[in-house]
Amino acid sequence: MKDVAIAGIGTIGFGKSPDLSASAMANRAFKAALGDCGLAREDVDGLVCHIGSPRGLDYDEIAALLGLDLRYASQTWAHGRFCGTVLQTAAMAIANGLAETVACVGVFRNTAFSRPGTKGFPGFDENFREGGGPHAETPHTGMIAPIGGAAMSFQRYLYEHDKTAEGLAAVALSQRAHASLNPLAYKQDPLSEDDYAAAPYICEPLRRLDCSVPVDTGVVVLLTSLKRAEKLAQPPVRLSAFQGLSGGPNEFVFGRPGLGIHQRDRFAGTSLGADEPVFAKSNLGPGDIDTLHCYDGFAPQVIWTLERFGFAPVGQALDWIQGGRIGPGGELPVNTSGGHLSEGHSNGWGQTVEIVRQLRGTAGARQVPNCRNALWATTFGDAILYEN
Amino acid sequence: MKTDPTAQTLSFVDFPGEFSSHTVAPYIAPDCEVHYEALKTGKLLFPNCAECHRTGPPNGGCCPWCGSEERSWQPAQTAPVIHSWVRYHRAYLPEFNDLVPYEVIAARFGDGPVLFGRWLADGVTPVIGTEIRPVVERWTDGFCGVAFAQKDAKS
Ligand SMILES: [Zn+2]
C-alpha cells in the first residue's frame, strides 16, 4: 500500500463533552482535518467509520449530517479494536479505485453513558452472544466488563512466565510521562511509583491505573493516493505495510494467543515476533521501528504487543520495559501521546494522529528524534507500518 | 485424575440473595440446551463430537475442530483445575453488589473446555493448577450455572 498516504488529521481533543452530539464532534474533527491539509469537503468521496450509534455515528448519518456525497462507505462493529481495520479498509478502497479520498471517522461518546459492564451501557446485550461476550463476559458467573478478560489473561500470563504484577507499573508511568508532554491529553499530572502502588484494584491483578480513561473524542483521518497527497499542504505519511486483525480459537482480544481464556479449548500460542507479515512486507524488523503505538485498553496489552511483534522475548516484556525503555527518550518510545491510559481512550485514533505528528516532526516536546518508521500494532494482531 | 462419570452428581448452592437470572443468564440456543438442562439435575455435560471425538465447550452448535454438528453430551471425564482467576473489587451488576470482593475462576477440564464460574471458598485465594470441584449454582427462577468449590470442601 505504498501508494496510499495520510494527508490530513483533525481531532477535537480528549476529555469530557457529555453535552456534545456525535455529529458535532465529527464535524469539528472533519473540518480540522480538511483545514490541516487543504482539501475541500467535495474532495471526500469515501467514508469508513468505526463505531455507530449511540456511542458513535453510523456511516449514513455522517454522510447526511456532514453533507458528504460518497461513492464508497463502510463501517465496523461497535468495539475499539477496529482502528487499524478502518484505516486498512480505506487504503484498500483507494488502491482499488473505489474512492479517491476517504475520511476515516472515529467519534466516541462515553461520558454520557454508564460504564462498560453495567446494564445501562449501550450494547449490554452483547454479553449474551452465543460464544460469550466480546471480552469473555459471562454475566451469571460475575465475569463482566472488559477488564475481567484482561485480568484473567494477565493472571495466566504471570503464572506461565513465573512473573509478578509489579513490573506492570512501568506501562502506566511511562505513558503518563509522555502524556505530561501532550497538551491534548486528558491526564497530564505526573504519576509516581507510590501513586501506582496506592491505586485500588478494580479486578485483581489489575489496578485502576492499569485501565484506560474513558473520554469523549472525535478524530478524522483523511487518506488519499500518495500522488495526490504530495500536492497538499502537509508532508504525506505513507502506510507502507500492514497486516489484518487476527481471529480464531487461539485468539482472544485481551490476551496473548494460546492463553486459553475465552472458554476456549486450544492452548497452542505462537508469537511470530519479527516474522509477523508487517515486517516481512517491509524488509524492516522491530529494531528499525522508531516509535510503537498500540491498543492499550489495559496495560498488559502493551506487554503482549511488545512480545507478539518481537520487540521483547516472549514472557520477558515485563522486565524489558523497565528502566525507562518505553518512556520519553527511551530506546522504544511507546504511545507517546499517553495512549488510552493517559491521553484518553480513543480506540486507537489518538495514537494514529500522534503517529502522523511524529512522522511530520510536529510532536513538540515529545518528538522522537529522526522519526522515520512508526508502527501501529495490537494484541489482536493487526498492524500498520507508517513511514514519512 | 479420572473420575467415574456415571457416579458424578454435583451438589447445589443457591446464588446469594433473591435474584432472578433473567438479566444475567446466557442466551441458550435450542441445540445447546442440553448442558443447562442437565445442570438442573446435577449433571455437568459437555458436547463430544461424533466424528473427531473431541470434547468442546457447551456453547456453539458445531465442533470447532471438524465442523460436525453430530455430538453426544457426555459427563466431564476429568476433574477441573484452576487455569486462571480474578478478584473483582467492583460490582458492575447489582446481583454482585453484596459479594465484592469476589473471585471468578477459569477452570480447565482436562484438555477440553475452559469454564468460568464463581469461586465459593470465601477468604481462600485461588491457586492456578489446583484441582477444584464444580458445583451447580441455582437462581430463584430455576436457571442453573456452574460455580467452583475447593476439592474437599463440604458443600
Ligand atoms: Zn469434531
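Buried means under 20% relative accessible area, exposed over 50% and partly exposed in between, with a 1.4 Å probe and protein chains only. This is a predicted model: local features need pLDDT of at least 70, side-chain atom pairs count only at pLDDT 80 or more, and totals for chains, interfaces and linings use all residues. Residues are numbered from 1 along each chain as its sequence is written, chains are lettered from A and ligands numbered from 1 in the order in which they are written, and side-chain values use heavy atoms, with hydrogens and water left out.

**View 1. Aromatic rings in chain B.** B:Tyr88 and B:Tyr92 are both buried. Rings of Phe, Tyr and Trp (its six-membered ring) pair if their centres lie within 6.5 Å; planes under 30 degrees apart count as stacked, over 60 as edge-to-face and the rest as tilted. One aromatic cluster is formed by B:Phe15, B:Phe19, B:Tyr88, B:Tyr92, B:Phe96, B:Tyr102 and B:Trp139. Over all chains, the count comes to 18 aromatic pairs.

**View 2. The pair A:Phe279 and A:Phe311.** The ring centres of A:Phe279 and A:Phe311 are 6.4 Å apart and the planes stand at 70°, so the pair is edge-to-face. A:Phe279 lies in helix H8 (residues 277-280) of chain A, and A:Phe311 in the loop between helix H9 (300-308) and helix H10 (317-320), so the pair ties together parts 32 residues apart in sequence. Helices (H or I, at least four residues) and strands (E, at least two) are DSSP runs, numbered from the N terminus. A:Phe279 is buried, at 3% relative accessible area. A:Phe311 is buried too, at 9%. In chain B, B:Tyr88 and B:Tyr92 also form an edge-to-face pair, 6.3 Å centre to centre with 90° between the planes.

**View 3. The zinc site in chain B.** B:Cys49, B:Cys52, B:Cys63 and B:Cys66 coordinate the zinc ion through SG, at 2.3 Å. Donors are N, O and S atoms within 2.8 Å of the metal (3.2 Å for Na, K and Ca); water is not among the atoms, so sites may look incomplete. The 4 donor atoms subtend angles of 98 to 119°, which makes the arrangement tetrahedral. Four donors count as tetrahedral if all angles lie between 85 and 135 degrees. The donor residues follow the spacing C-x2-C-x10-C-x2-C. B:Cys52 is partly exposed, with a relative accessible area of 23%. B:Cys66 is partly exposed as well, at 36%.

**View 4. Helix H1 of chain A.** H1 (residues 22-37) has 16 residues and reaches 23 Å from first C-alpha to last, close to the 22 Å expected at 1.5 Å a residue. The expected span is 1.5 Å times one less than the number of residues. Buried residues of H1(A) include A:Met25, A:Phe30 and A:Leu34. Seen down the axis of H1(A), its buried residues fall within an arc of 160°, so they line one face of the helix. The arc is that of the directions from the helix axis to the C-beta atoms. These buried residues pack against strands E1 (4-15), E4 (101-108) and E7 (216-225) and helix H12 (349-360) of chain A. Contact here means heavy atoms within 4.5 Å. A:Gly38 follows H1(A), with a positive phi near 85°.

**View 5. Backbone details.** A cis peptide bond joins A:Ser53 and A:Pro54, with omega about 5°. Another cis peptide bond joins B:Val100 and B:Pro101, with omega about -10°. A:Ala145 is not a glycine, yet its phi is positive, about 75°. A:Ala145 is buried, at 3% relative accessibility. A:Asn283 has a positive phi near 60°. A:Asn283 is exposed, at 72%.

Notes
Tetrahedral: all angles 85-135°; square planar, octahedral: opposite > 155°, others 65-115°.
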